[in-house]
Amino acid sequence: MNGKQHSARKRRVIPFWPQTRMNHKEFARYAILLNLGLFLTALGIHLFKTPNHFAMGGTSGISIILATLWPGMNVGGALFIINGILVVLGLIFLGAKTMGVTIYSSLALSAYVSLLETVVPMSAPFTQDKLLELCFAVALPAAGSAIVFNVGASTGGTDIVAMILAKHTSMEIGRALLVSDLVIAVWAGGLYGIATGLYCTLGTFSKAFMVDSVIESLNQRKVVTIISSKPEDVKQFILGILNRSATVYRAEGAYTGQKEVVLTTVLTRRQAVLLRNHLRHIDPTAFLTIVNSSEIVGKGFRAL
């Protein structure tokens, strides 16, 4: 049983082809989650970012500004142009194999935004509460990006720039991209007013933290350690009822010197509750520890 603690990062540079062969069911799940994440991101851009001029960095932020500077251009069209240029640069500097599904993600996100602009035109924000609008402008794209990152893909855009910089320079990429996002926020402040610029700056920092929080929530599991006088019963419950495995240790109590059997397993939140209730019934004196883990790598969980 292998475990690896997730390291929170504001920016992720990751490979964009699925790293293991998939059967039809796995590929269908991958495609559904990828498109769900892209669609949630598009919803945030169209319904909340664009009407409020929340240009919070990235290609969507630049597109919102360009759509204002050139009234005949909509945000979806600007996204197509910018992402198209970035895809071409990625193919030149990185190659098709490295770009992988990023090509699809970049163009699909632009297509979803254009579709929403046609189906649900937004001439004004939903409400006059800027802070409430900002919360949704941050939450929807953050949730969408987290889902996409979690399946090993990317929303494209500035991630392509990050990959190019990572390959060809020694620049601190996270810092460089954060600075570029802040420059876009300042640009928005000059174009739409200081209040909007401050909202954009707040949103830029908030999204960075929210993406990591959502990813950790999606992957959270419970690492459970049990010392019980009925270890065989506990093991059979884990194997037979919870359909999980466990690691069994032979140990000795430091104070009593008594021989003990220690079981360690990794469960979902619901399974951990079931195990705790089972222990309460069969062995109320059992010793139980439950620790949160944001990423588990190994058989039965995420592949390496």
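**View 1. Burial across the predicted protein chain.** Of the 304 residues in the protein chain, 42% are buried (under 20% relative accessible area, 1.4 Å probe, protein chains only). This is a predicted model, in which local features need pLDDT of at least 70 and side-chain atom pairs count only at pLDDT 80 or more, whereas totals for chains, interfaces and linings use all residues. Residues are numbered from 1 along each chain as its sequence is written, and side-chain values use heavy atoms, with hydrogens and water left out.

**View 2. The largest nonpolar core.** This core holds 34 residues, and Leu34, Met56 and Ala153 have the most contacts inside it. A nonpolar core is a set of buried Ala, Val, Leu, Ile, Met, Phe, Trp, Tyr and Cys residues joined through side-chain atoms within 4.5 Å. Helices that each supply at least two of its residues include α1 (24–52), α3 (75–93) and α8 (173–192); helices are DSSP runs of H or I with at least four residues, and strands are runs of E with at least two. Helix α1 contributes the largest share, 9 residues. A second, separate core of 13 residues includes Val234, Leu242, Val261 and Leu275.

**View 3. The open antiparallel sheet.** The sheet contains 4 strands in the order β2-β3-β1-β4, where two strands pair if DSSP finds at least two bridges between them. Its edge strands, β2 (247–252) and β4 (287–293), each pair on one side only.

**View 4. The pairing of β1 with β4.** Strand β1 (residues 221–227) runs antiparallel to β4 and is joined to it by 7 bridges. Arg221 has Ser293 as its bridge partner in β4.

Conventions:
Buried < 20%, exposed > 50% of the residue type's maximum accessible area, 1.4 Å probe, protein only.
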